[in-house]
Amino acid sequence: NVETVRGSTVSVGSATPAIFMSILLFILPQTYNFWPFASMNQSLQNAPSLITWRLIETKMCWGVIFLLGGGFALAKASQNSGLSTLLVVQLNKMNLESWPLWLTSFVICFVTVTITNVASNTATANVLVPILAKMAVTMCINPIYLTLPAGVVCSYAFALPVATAPNAIVFGHSTMKTTDMMKAGFVMNLICVITLCISINTYAVPLFGLNEFPDWAAVKHPNATLCLA
């Protein structure tokens, strides 16, 4: 953060240097056929830039950019609109505190893997992980216990072609039917979810300290003393 003469604070985000370097690629030439990189006796020649807009237009994977950008925009919109808070309130009405922790983890993983098979895994993670983090704090549970398995499960998109771009590519260049992919993908999803739930409830507990409510999570809790007691 830099304070200007007028007293306002200006911050430079992580996107600014990335955009700056991208602009430099359109400015810097491919070959340096001019002084002082070449002799002054040589005739001047036009040197194309490192990349051109025609190259970007034809070679850029625009679908991936819109997929990732849409996921981030959806997560930001759910936070600013209050949707994530509303979902946390609705989930708390289910009285999840009375459920065993392993059952809560399994249900969250099952719901997440169902959503990620019909939606973008990036969008699913961007929306669900902040919601689960808030819900874990209200339940006085280590947020890693809910967010870690949910984030990993978002990558278990095996059942449908629309789940991920690799699934769509494989489905489009093969003779398999949607039912074939669903049969194999459902078995893989079930095995992976069960394995993950066993892992998060066994060796992950001492590894990440999941049986303790961390201090960094208590900062966001209105009644932190109740969780730390």
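Tutor: Happy to! Buried residues, meaning those under 20% relative accessible area with a 1.4 Å probe and protein chains only (exposed is over 50%, partly exposed in between), make up 29% of the 229 residues in the protein chain. Please keep in mind that this is a predicted model, in which local features need pLDDT of at least 70, side-chain atom pairs count only at pLDDT 80 or more, and totals for chains, interfaces and linings use all residues. Residues are numbered from 1 along each chain as its sequence is written, and side-chain values use heavy atoms, with hydrogens and water left out.

The chain has 12 helices and 2 strands, taken as DSSP runs numbered from the N terminus (helices H or I, at least four residues; strands E, at least two). Along the sequence the pattern is β-β-α-α-α-α-α-α-α-α-α-α-α-α.

Now to the packing itself. The axes of α5 (residues 101–116) and α9 (residues 178–200) come within 10 Å and cross at roughly 145°; axes are lines fitted to C-alpha atoms, for helices over the stretch in contact, and angles run from 0 to 180 degrees between N-to-C directions. The crossing of α5 and α9 is right-handed, that is, the near helix is turned clockwise from the far one by less than a right angle. From α5, the residues S105, F106, C109 and V113 meet N189, V193, L196, C197 and I200 of α9, where contact means heavy atoms within 4.5 Å. The residues of this contact divide into 7 nonpolar, 2 polar and no charged, with Ala, Val, Leu, Ile, Met, Phe, Trp, Tyr, Cys and Pro as nonpolar, Asp, Glu, Lys and Arg as charged, and the others, Gly among them, as polar.

How does this relate to the cores? A nonpolar core is a set of buried Ala, Val, Leu, Ile, Met, Phe, Trp, Tyr and Cys residues joined through side-chain atoms within 4.5 Å. In the largest one, of 13 residues, I108, L132, M135, Y145 and L146 touch the most other members. Helices α6 (121–138) and α7 (143–153) each supply at least two residues of this core. Apart from it lies another core of 7 residues, among them C109, V113, V153 and L196. Leaving aside neighbours within four places in sequence, L146 is in contact with T104, I108, L132, M135 and A136.
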